[in-house]
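The structure is shown first.

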Amino acid sequence: MANRAATVLITGGAGFIGSNLVRQWLDDQSDDVVTLDALTYAGLPESLGDVRENPRHQLVVGDVADEALVKEVFADRQPRAVLHLAAESHVDRSIGEPLGFVRTNVLGTAVLLEAATRYWRDLPADRQAAFRFVHVSTDEVFGSAAESELFTASSPLLPNSPYSASKAAGEQLARAFAHTYGLPVVTLNPGNHYGPRQLPEKLIPKMILLADHGESLPVYGDGLHQRDWIHVEDGCRAIRAAAARGTLGERYLIGSGRSHPNLAIVAAICEEVDRIRGDGRKRRELITVATDRPGHDRRYAIDASHTRTALAWRPQIELPAGLASTVAWYLENDAWVNLAQDSLAARDRRVTSAPLA
Ligand SMILES: NC(=O)c1ccc[n+]([C@@H]2O[C@H](COP(=O)([O-])OP(=O)(O)OC[C@H]3O[C@@H](n4cnc5c(N)ncnc54)[C@H](O)[C@@H]3O)[C@@H](O)[C@H]2O)c1
């Protein structure tokens, strides 16, 4: 072990945030990185790009709910930290097919926590003290914020969708493992991320591609649902800050502190696509009303002031600049976009039973 570089284990590293985190970690930190990812429809090895040839990175294809595999990964790679991102992440799909969300986000998290605890307990004292399990939850566990309310670390968990309920259960398990066994857990509750390599089933990439193709842009309900958007590079920096400086047992909310209505986001995307294409079209006219989804939370709003001080972190990318670079990325990366669309189409072909709603 003496000459081996320290290693971190990133679950869900072939997904949107995970693939950006793996890249950032390898670029900015000295650790080797092991990615554990089941490569579901949401996990594209291509999102890891050149990283797949990097000798400091290893992709282990497997399920976080596979006890034997997870145990083996800990034993073989002896990580100094776990960054747990693997999840079923799409709220709409959780409304149609909730059970897969419980399996990965609750059972999978429990399997990972148990394996981490057994591994951590047997480490020598200095490595035990340095070990971290960073659990990436979501701001959606707090439910819908009232008009002037901001979520804080002491907001009650009031999840409204099967997705957010499964994430709340996962973070409660992480908290219980910290409390019961002393596992060094730090929990993050980030707002909505946007940026390169997000599957176009999510609002921002979906709207960019539809707008570019001149198709109608369906926005749920009155379009006034508000979200706190954070660029994925800032979100990844927050995860790294939590691993380096997070206080054990604490939770940190990650957001810009400003919430924006979906309609304003879609309108800004339209203007950016119009500007880049320069074809004189007014894509804003393509916006249409879609039937609202059941149980749709009206507003997420984050007070990240504690995180800014405690983790010495702040978002560096303002929304207008981040949106502009994100629009450009999707318009310039056809090969990735085609793979992502194929993966979504294949996922939809595999659905065998009628969605619950
Ligand atoms: N994207 C956001 O806006 C956002 C906001 C807040 C929190 N989060 C949380 O951040 C994490 C990452 O989100 P994302 O947007 O990158 O999700 P994503 O859907 O893009 O990626 C999820 C990854 O997890 C993998 N995965 C799924 N089930 C697995 C399993 N059983 N075993 C191993 N790997 C599995 C998938 O293959 C995929 O690579 C999730 O935990 C999510 O709840 C995301």
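Arg-118 is partly exposed in this predicted model, its relative accessible area being 48%. Glu-114 likewise counts as partly exposed, at 34% relative accessibility. The side chains of these residues, Arg-118 and Glu-114, meet in a salt bridge with an N to O distance of 2.8 Å. Both belong to helix 4 (residues 99-121), where a spacing of 4 residues separates Arg-118 from Glu-114 by about one helical turn.

In general, side chains of opposite charge can pair when their charged atoms come close. A search of the whole structure finds 19 salt bridges; the table lists examples.

| Pair | Closest N and O atoms |
|---|---|
| Arg-275 and Glu-272 | 2.8 Å |
| Asp-279 and Arg-283 | 2.8 Å |

Arg-275 and Glu-272 are both in helix 9, 3 residues apart, or about one turn of the helix. Arg-275 is exposed, at 57% relative accessible area, whereas Glu-272 is buried at 13%. In the other tabulated pair, Asp-279 is partly exposed at 39% relative accessibility, while Arg-283 is buried at 2%. A network of salt bridges links Asp-32, Arg-56 and Arg-77.

Helix 7 (residues 203-212) is mostly covered, with 8 of its 10 residues buried. Among the buried residues are Ile-204, Pro-205, Met-207 and Asp-212. The buried residues of helix 7 pack against strand 7 (192-194), strand 8 (217-220) and strand 10 (229-231), and also against helix 9 (262-277), helix 11 (319-332) and helix 12 (334-350). Gly-214, which follows helix 7, has a positive phi near 70°.

Definitions and conventions: Residues numbered from 1 in each chain as written. Predicted model: local features only at pLDDT ≥ 70, side-chain atom pairs only at ≥ 80, totals over all residues. Heavy atoms only, no water. Buried < 20%, exposed > 50% of the residue type's maximum accessible area, 1.4 Å probe, protein only. Helix = DSSP H or I, 4+ residues; strand = E, 2+ residues; numbered from the N terminus. Contact = heavy atoms within 4.5 Å. Salt bridge = Lys/Arg side-chain N within 4 Å of Asp/Glu carboxyl O.
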